[in-house]
Amino acid sequence: MTATKNPRRSAGLLLFRTGAGRGLEVLIGHMGGPFWAGREQAAWSVPKGEYLPGEEPGEAARREFEEEFGRPVPDGAWLALGEARQPSGKTVTVWALRAEIDPASAVPGTFTMEWPRGSGVLREFPEMDRFAWCAPKVAAERLVKGQRVFVERLRARLAGAGD
């Protein structure tokens with residue numbers, strides 16, 4: 001196996017909240033576009049995006065959250081959740097941030113693609129078409145397989161901190 005000259009890397013930010021009677025919840029987004037329409041299981045993601053060599057992953061995580069959620073990153077301390085290699089081969093780095101934010105306030109960024117494929121028609125779709133607070137068990141069902149590890153790492157970090 002040969003090393004990839006410029007391996008694909010993404011960085012993201014997983015917001016979380018805790019509270020009496022509700023426990024831990026994480027904010028995840030449903031991926032936009034026709035491929036994900038009508039799917040719930042393994043169709044959600046941490047707000048994240050690719051970055052280029054030389055760019056700081058933390059800055060990319062901030063930029064991508066702001067692009068995908070459409071609002072500034074809330075203030076607070078970031079907890080490093082590390083990186084994980086995805087089934088696609090991409091490496092994703094994620095931080096967690098305790099914050100309270102209304103998913104309905106999102107103004108997602110968009111992307112353009114030819115749809116239907118081969119039609120020559122360009123259409124615009126939201127990068128993420130909705131966001132939701134989810135308990136870890138629900139998030140594990142909704143998140144794409146390679147990102148579920150970040151929720152488990154967050155749970156472990158919080159358990160170790162006495163939260």
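Two strands are taken to pair if DSSP finds at least two bridges between them. In the predicted model examined here, six bridges join β5 to β6, and the two strands run antiparallel. Within this arrangement, A96 of β6 is the bridge partner of L79. The hairpin formed by β5 and β6 has five residues between its strands, and in this hairpin G89 adopts a positive phi near 100 degrees. Strand β6 also pairs with β1, here in the parallel sense and over eight bridges, with F16 standing opposite R98 of β6.

Seven of the eight residues of β6 are buried, so the strand is largely enclosed by the rest of the structure. When residues up to four places away in sequence are not counted, L97 touches L13, L14, L15 and F16, together with V73, P74, D75, G76, A77 and W78. For L97 and A77, a separation of 20 residues in sequence corresponds to a C-alpha to C-alpha distance of 6.3 Å in space.

Aromatic contacts were examined next. A pair of aromatic rings is described by the distance of the centres and the angle of the planes. A search of the whole structure finds five aromatic pairs. For F35 and W36, the ring centres are 4.7 Å apart and the planes lie at 85 degrees, so this pair is edge-to-face. Because W78 lies in strand β5 (residues 78-85) and W95 in strand β6 (residues 91-98), the pair ties together parts that are 17 residues apart in sequence. With a relative accessibility of 24%, W78 counts as partly exposed, while W95 is buried, its relative accessible area being 16%. Elsewhere, ring pairs link F65, F69 and F131 into a cluster. An aromatic ring is also involved in a contact with a charged group, in that the charged end of R142 sits over the ring of W44, at 4.7 Å from the ring centre.

Helix α1 (residues 57-69) comprises 13 residues and reaches 18 Å from its first C-alpha to its last, close to the 18 Å expected at 1.5 Å a residue. The buried residues of α1 are G58, A60, A61, E64, F65, E68 and F69. These residues cover an arc of only 155 degrees around the axis, which puts them on the same side of α1. The buried residues of α1 pack against β1 (9-17), β2 (25-31), β4 (48-51), β5, β6 and β9 (128-134). Two of the buried residues named for α1, F65 and F69, are also members of the ring cluster that includes F131. After α1 comes G70, which has a positive phi, near 80 degrees.

Technical notes: Residues numbered from 1 in each chain as written. Predicted model: local features only at pLDDT ≥ 70, side-chain atom pairs only at ≥ 80, totals over all residues. Heavy atoms only, no water. Phe/Tyr/Trp six-rings, centres within 6.5 Å; stacked < 30°, edge-to-face > 60°. Helix = DSSP H or I, 4+ residues; strand = E, 2+ residues; numbered from the N terminus. Buried < 20%, exposed > 50% of the residue type's maximum accessible area, 1.4 Å probe, protein only. Lys NZ or Arg CZ within 6 Å of the ring centre and 35° of its normal. Expected span 1.5 Å × (residues − 1). Arc of directions from axis to C-beta. Contact = heavy atoms within 4.5 Å.
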